[in-house]
Protein chains: 2
Amino acid sequence: MNDVASLKSWILDLDLPLPSLRNNTADGERLMEAIGGRLGGRPVRAELEVVSRLPSLLRETGYRVRCTLFEDRDRWILLDVGDPRQPSSALGLAVDLGTTRVSLRLVDLCACGTVAERTIDNPQVRVGPDILTRIHHAERDGGGELQTLIVEALNREIKTLTAVAGHNAADVHAVSLAGNTAMTHLLLGLDCRWMIREPYIPVVNRPPVMRAAELGIEAHPAARIFVFPNVGSYFGGDLIAGIFHSGLHRREETAILVDVGTNAEVVLGNRDWLMACAGAAGPALEGGVTRFGMAAAEGVIDRVRWDEEKGDFAWHTIGDQPPRGICGSGLIDLAAVLFRAGMMDIRGKLVPSRCGARLKMIDDVAHLVVAWAEETASGEDLMIAQADIDSLIRSKAAMYTILETITMTMGMNLNELPAFFVAGTFGVFIDPVSAVTIGMLPDLPPERFIPLGNSSLEGATRLLTVPGSLAEIDRIRDGITYLELNVNQAFMNRFSAAKFLPHTNRALFPSVRVPE
Amino acid sequence: MNDVASLKSWILDLDLPLPSLRNNTADGERLMEAIGGRLGGRPVRAELEVVSRLPSLLRETGYRVRCTLFEDRDRWILLDVGDPRQPSSALGLAVDLGTTRVSLRLVDLCACGTVAERTIDNPQVRVGPDILTRIHHAERDGGGELQTLIVEALNREIKTLTAVAGHNAADVHAVSLAGNTAMTHLLLGLDCRWMIREPYIPVVNRPPVMRAAELGIEAHPAARIFVFPNVGSYFGGDLIAGIFHSGLHRREETAILVDVGTNAEVVLGNRDWLMACAGAAGPALEGGVTRFGMAAAEGVIDRVRWDEEKGDFAWHTIGDQPPRGICGSGLIDLAAVLFRAGMMDIRGKLVPSRCGARLKMIDDVAHLVVAWAEETASGEDLMIAQADIDSLIRSKAAMYTILETITMTMGMNLNELPAFFVAGTFGVFIDPVSAVTIGMLPDLPPERFIPLGNSSLEGATRLLTVPGSLAEIDRIRDGITYLELNVNQAFMNRFSAAKFLPHTNRALFPSVRVPE
């Protein structure tokens, strides 16, 4: 019997055979055998504390029992037993542990639905906004402060989220956590110093399943934590979770998955093979580049379109508030609009004759007024400089070159991909038509771009709700071939060609009409 | 590659391949792969704490590492890592957890030799001398007091034993413990109440391997404890350990193993099958029966022989001190001597005409003076009453009947057994010729009786020193067929026939010359 197919969740109700002089197996083994009979395959191990509660529970319920299981690699762990006549209160916590933001989702392990959800700032930002600063900090203090910061935040959020749902922290039986390799190492209290020095060795690729309590996480005493495995220092569990969520590894047709942050991480593959690479895409898309650049939030320009009637571009802000900045998707829209309107040329330079009053020279540098002082939250012009656009162009060129390189390596054509998964906030907010217009993404029909949302959180959730996931996750990890991006002359040539809008080779972007 | 054959102990020194850009596996997986390459088969799991020490250790030793492993049922656990240039200090503790006495042996896990050894009284005796009293006590208080008593005693002894050997408690990486089902349940804090009520169900047959710290045992933080599995409430891990030590289950020829205490526990079998049973043998052999009966100790009569010169019997005491009591082996010798001298008849009754001055009537009950007042420690006559002898006769009859029943069930003849293992103090002290003379043991040549000593402690030690033992122990446990002694008319008839010296059927004891 397949141990996974027969399980709909990690909660299993069982009727045990009654003991007799002829059948005098111990209570513990009686239950383990019944579980084993349902699951087959892997052995079942129980917490002693759980076993110790069996004698009275079984005799009270007439040998009917509800089991809360957790799937480790080579065994099932029996985390808890209860009376099946009571409603189940077993919860799981899925976590996307991002460098900047941490997303948490409380899941009902029985019904497999979301109970509550929240996103918070990663409190480690206090120590340093980026990974490198944090690793250096951990080298100095042994990592204790950074570990404490994140563990305390998790504990606070577990309390808050469970309280909101009318539960308490002790109902959380399982934690599934995905993050990049540095973030997970810092959570686990592992030394990151060798990750940033050649040959870039993490302490662990596949963190062991352990008791959440071992990390100081306050949940059910037997609660286990699963931390998604990484492929290396620069390809983390967040991406493994993303692949897992996307289903890339289950598809017959080859598809691509892109996760854009400071690095662009790309996975190409199908059910037979997975090829991954990562490269610096620049901070332009994270809102870190322009004076007014920011992450998506209230009052941030997230969309820009051309208003034919007015003969000018028009923007939209999140929450319809007066604009106070512009995020990655807004910037890409803006660049596409400027390019189509001829206000920006194929090199990405602002065209004074077409920009009119929107072009302002400040210290001899061209600036474009995106929103006029009277429209903005601050009462000042919201502008982007030519340098900001240059940075965006470099980012988009880097992104395209990475995509081109990985598909070329596999002898494939970017424009023939049947599906292009885009992970993260970037995937949700970006208008693929704009991204294609500026040559950041390949010229595929818009419907082939599939936004995945927070694929790391979704992957972590899937682990908690689909029994049998762990083996699948390990298969993904083990199946990935990591392509070391060799920044040689050929790569630089492709990068230079991609620095034009949409590209020096216009045949690659047949759908993009280049203005006169 | 066989994972067991290649391991001489749980300590494994390894040279790891150096990391490079081409081989950038994490430190943890690098080590796990090397261990897996040596052991094959089962997966290797490491403590996170151990993994966390790898980065600095590996870079300091040039990727040479000493691993301390522990064998769980379905995995190897990496308990500790160290510098192979340092001497190993990893110790294991073998424990025979008896109802009355607790024997402890400290073992060097690398050299696989004994480091120190000690036997103490089970401190639970304070609560109650026998199992039943303790179980009732645990029912009232939840078992906490009894658990605390034994755990504290173990901690004291670990401190003492390690200090004697120039080590400390944190060097103890593994505990291997064998005891009867009640004693192990009380140690584990498990509810014993259903063990003593029909249908006699223990909480667990196969206690999980767990961290010693979970039981409050103070040792290395990652130290694991293995508790020998039981077959049921009345066939405990001490006996499994005994079989494991005797090698009964590895022999081609069928042999028998007997462990005598309040119960006589008997296992008959070979490498293909094992049949077990247990029955009340009475307290006569534990020194609990006569006024002067006691366990083996200084000044206790342990041997009695016939002195032809004096025409009287002569005794020997442990430590050659003035006698103050008589132990089981002394009592059996005495009975044999009395029987051979005609001082006791075939019914076990003292013969006044042959006992002479040694026979005294007290309150109309015949007593035999074993040692005269002027010889004894107390200055009083050391006597046994006819009732004491009657009790011994019942014990020996019960023992023989159990042996007869189990061999008859398998269609075998007791007198044809090629080997007869006798476990425990009983086996060490008893003179098989005396036991045969009174018909307690079958009439086999003396050399076929093989004393095993503390086979429970030896079995626990073997687990620590012979990798691969756990699977063998589970095979023993799973292979045992338990014969429920059906005390029916046929059994009672055999018992009555065995109440004579040596037996009503003299043909069963051809070597015993019955006096006129």
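Colleague: Which residues are buried in α6(A)?

Modeller: First the ground rules: this is a predicted model, where local features need pLDDT of at least 70, side-chain atom pairs count only at pLDDT 80 or more, and totals for chains, interfaces and linings use all residues. Residues are numbered from 1 along each chain as its sequence is written, chains are lettered from A and ligands numbered from 1 in the order in which they are written, and side-chain values use heavy atoms, with hydrogens and water left out.

Modeller: Buried means under 20% relative accessible area, exposed over 50%, and partly exposed in between (1.4 Å probe, protein chains only). Helices (H or I, at least four residues) and strands (E, at least two) are DSSP runs, numbered from the N terminus. In α6(A), the buried residues are A:T181, A:A182, A:M183, A:T184, A:H185, A:L186, A:L187 and A:L188. That is eight of the eight residues of the helix (residues 181-188), so α6 of chain A is largely enclosed by the rest of the structure.

Colleague: What caps the N-terminal end of α6(A)?

Modeller: The general idea is a polar contact, a pair of N or O atoms within 3.5 Å; within protein, one must be able to donate a hydrogen and the other to accept it, and residues adjacent in sequence count only if both atoms are side-chain atoms. Here the cap is A:N180, with a side-chain oxygen 3.1 Å from the backbone nitrogen of A:A182. Just after the helix, A:G189 has a positive phi of about 75 degrees.

Colleague: How should I read a sheet, and what is the strand order of the six-strand one in chain B?

Modeller: Two strands pair if DSSP finds at least two bridges between them. The six strands of chain B form an open sheet in the order β7-β6-β5-β8-β10-β9, with mixed pairing. Its edge strands, β7 (114-121) and β9, pair on one side only. Inside the sheet, β5 (residues 91-97) and β6(B) run antiparallel and are joined by seven bridges; B:D96 has B:S103 as its bridge partner in β6(B).

Colleague: Is B:R105 buried or exposed?

Modeller: B:R105 lies in strand β6 (residues 101-108) of chain B and counts as buried, at 8% relative accessibility. Its side chain makes a polar contact of 3.0 Å with that of B:E458. Contact in the wider sense means heavy atoms within 4.5 Å. Leaving out residues up to four places away in sequence, B:R105 touches several residues, including B:G92, B:T114, B:E117 and B:T461.

Colleague: How many salt bridges are found over all chains?

Modeller: A salt bridge is a side-chain nitrogen of Lys or Arg within 4 Å of a carboxyl oxygen of Asp or Glu. The search of the whole structure finds 62. One of them joins B:R73 and B:D474, with the closest N and O atoms 2.6 Å apart. B:R73 is in the loop between β3 (64-71) and β4 (76-82) of chain B and B:D474 is in helix α13 (residues 469-479), so the pair ties together parts 401 residues apart in sequence. B:R73 counts as buried at 16% relative accessibility, and B:D474 also counts as buried, at 10%.

Modeller: Another pair is B:R118 and B:E157, at 2.3 Å between the closest N and O atoms. Here B:R118 is partly exposed, with a relative accessible area of 35%, whereas B:E157 is buried at 6%. In chain A, a network of salt bridges links A:R73, A:R206, A:D474, A:R477 and A:D478.

Colleague: What area is buried between chain B and chain A?

Modeller: Buried area is the accessible area (1.4 Å probe) that two parts lose on being put together, summed over both. For chain B and chain A it is about 3,500 Å², of which carbon and sulfur atoms give 60%. The contact involves 41 residues of chain B and 41 residues of chain A. Across this interface the rule finds eight salt bridges; A:R75 and B:D72 meet in a salt bridge through their side chains (3.0 Å, N to O).
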